[in-house]
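Here is a brief report on one protein chain.

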Amino acid sequence: MPRYDFRCRSCGATFELRRQMAQANDPAVCPQGHEDTVKLLSAVAVTGAASGGGAPQQAPSGGGCCGGGCCG
């Protein structure tokens, strides 16, 4: 079940709720009982070989202009 982060505008508390995606935009009540809350935007970082992660690759040396001695 997805997790959604909220912040209370009354007391400033940040809290999370697990709920169905269909209920993602439903109002939430903070743990202190305040109803004036806002859903926060969460950023998800994906890393790994499938997403282009891993060690950076170096440009090949030699053979190109200024790499192979053709420019003097």
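The report below starts with the basis of the model, then moves to the strands.

## Basis

This is a predicted model: local features need pLDDT of at least 70, side-chain atom pairs count only at pLDDT 80 or more, and totals for chains, interfaces and linings use all residues. Residues are numbered from 1 along each chain as its sequence is written, and side-chain values use heavy atoms, leaving out hydrogens and water.

## Sheet

Three strands form an open sheet in the order β2-β1-β3, with antiparallel pairing. Strands are DSSP runs (E, at least two residues), numbered from the N terminus; two of them pair if DSSP finds at least two bridges between them. From one strand to the next, the twist averages 35 degrees (axes are lines fitted to C-alpha atoms, and angles run from 0 to 180 degrees between N-to-C directions).

β1 and β3 run antiparallel and are joined by three bridges. Arg7 has Val38 of β3 as its bridge partner.

## Core

Seven residues make up the largest nonpolar core: Tyr4, Phe6, Cys8, Phe15, Ala24, Ala28 and Cys30. Strand β1 (residues 3–8) gives the largest share, three residues. Such a core is a set of buried Ala, Val, Leu, Ile, Met, Phe, Trp, Tyr and Cys residues joined through side-chain atoms within 4.5 Å. Buried means under 20% relative accessible area, exposed over 50%, partly exposed in between (1.4 Å probe, protein chains only).

Ala24 is in contact (heavy atoms within 4.5 Å) with Tyr4, Phe6, Arg19 and Lys39, leaving aside neighbours within four places in sequence.

## Loop

Gly12 sits in the loop between β1 and β2. Gly12 is partly exposed, at 43% relative accessible area.

Definitions and conventions
Helix = DSSP H or I, 4+ residues; strand = E, 2+ residues; numbered from the N terminus.
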